[in-house]
Amino acid sequence: MMDDTFEAVIDRVVDGHTAVILLENSDEREQIELEAEALPAGANEGGVVEITLSDGEVVSIEHLEEKTEARRQQAQERFDQLSKRLPD
């Protein structure tokens, strides 16, 4: 059995219990759900993680802090650009 590793984003946490994770570099846009307690320390909504699956089961998950921060900065820059276009 071969493991597959993906970069993914924590899309949301439902009812404080279930984390919905979007796999970014899969051939098809795919989402998986897992217990929020299984998320690495410091990882929360919008966070970037590296997730390894084996036979569809999560075998490891690692919080990618630098990529998370870069993603947040890009989102803030986009927001700032859009807000400049709005009339006062």
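These notebook entries record what I looked up in a predicted model of one protein chain.

**Ground rules.** I number residues from 1 along each chain as its sequence is written, and side-chain values rest on heavy atoms, with hydrogens and water left out.

**Confidence.** I looked first at pLDDT, the predictor's confidence in each residue on a scale from 0 to 100. The protein averages 88, and 91% of the residues score at least 70. Confidence is lowest in helix 1, with a mean of 89, and highest in strand 2, at 94. For these elements I follow the DSSP runs, numbered from the N terminus, where a helix is H or I over at least four residues and a strand is E over at least two.

**Strand pairing.** I counted two strands as paired if DSSP finds at least two bridges between them. Strand 1 runs antiparallel to strand 4 over seven bridges, and in this pairing I found Phe6 opposite Ile51 of strand 4. Strand 1 is also joined to strand 2, again antiparallel, by six bridges, with Val9 having Leu22 in strand 2 as its bridge partner. Strand 4 in turn is joined to strand 5 by six bridges in the antiparallel sense, and there Thr52 is partnered by Ser60 of strand 5.

**The two turns.** Which residue takes a positive phi in the hairpin of strand 1 and strand 2? I found that Asp15 does so, near 55 degrees, in a hairpin with three residues between the strands, although Asp15 is not a glycine. Asp15 sits in the loop between these strands and is exposed at 68% relative accessibility; here I take buried as under 20% relative accessible area, exposed as over 50%, and partly exposed as in between, with a 1.4 Å probe and protein chains only. The hairpin of strand 4 and strand 5 has two residues between its strands, and Asp55 in its turn has a positive phi of about 55 degrees. Asp55, likewise a residue other than glycine, lies in the loop between strand 4 and strand 5 and counts as exposed at 57% relative accessibility.

**The core.** I next looked for nonpolar cores, meaning sets of buried Ala, Val, Leu, Ile, Met, Phe, Trp, Tyr and Cys residues joined through side-chain atoms within 4.5 Å. The largest has 14 residues, and those with the most contacts inside it are Ile21, Leu23, Ile32 and Ile51. Two or more residues each come from strand 1 (3-14), strand 2 (18-23), strand 3 (30-35) and strand 4 (48-54). Strand 4 is mostly covered, with six of its seven residues buried. Taking contact as heavy atoms within 4.5 Å, and leaving out residues up to four places away in sequence, I listed the neighbours of Ile21, among them Ala8, Ile10, Ile32, Leu34, Leu39, Ile51 and Ile61.

**Salt bridges.** How many salt bridges does the count come to? With the rule that a side-chain nitrogen of Lys or Arg lies within 4 Å of a carboxyl oxygen of Asp or Glu, I get two. Lys67 pairs with Glu7, the closest N and O atoms being 2.6 Å apart. This pair links distant parts of the chain, since Lys67 is in helix 1 (residues 65-85) and Glu7 in strand 1, 60 residues apart. Lys67 is partly exposed at 44% relative accessible area, and Glu7 is partly exposed at 28%. The other entry is Arg12 with Asp11, at 2.2 Å from N to O; I note Arg12 as partly exposed at 34% and Asp11 as partly exposed at 32%.

**His63.** Is His63 buried or exposed? His63, in strand 5 (residues 57-63), is buried, with a relative accessible area of 15%. Its side chain makes a polar contact of 3.4 Å with the side chain of Thr68, by the criterion of N or O atoms within 3.5 Å, where within protein one must be able to donate a hydrogen and the other to accept it, and residues adjacent in sequence count only if both atoms are side-chain atoms. Setting aside neighbours within four places in sequence, I found His63 in contact with Pro40, Ala41, Gly42, Ala43, Val48, Val49 and Thr68.

Definitions and conventions:
This is a predicted model: local features need pLDDT of at least 70, side-chain atom pairs count only at pLDDT 80 or more; totals for chains, interfaces and linings use all residues.
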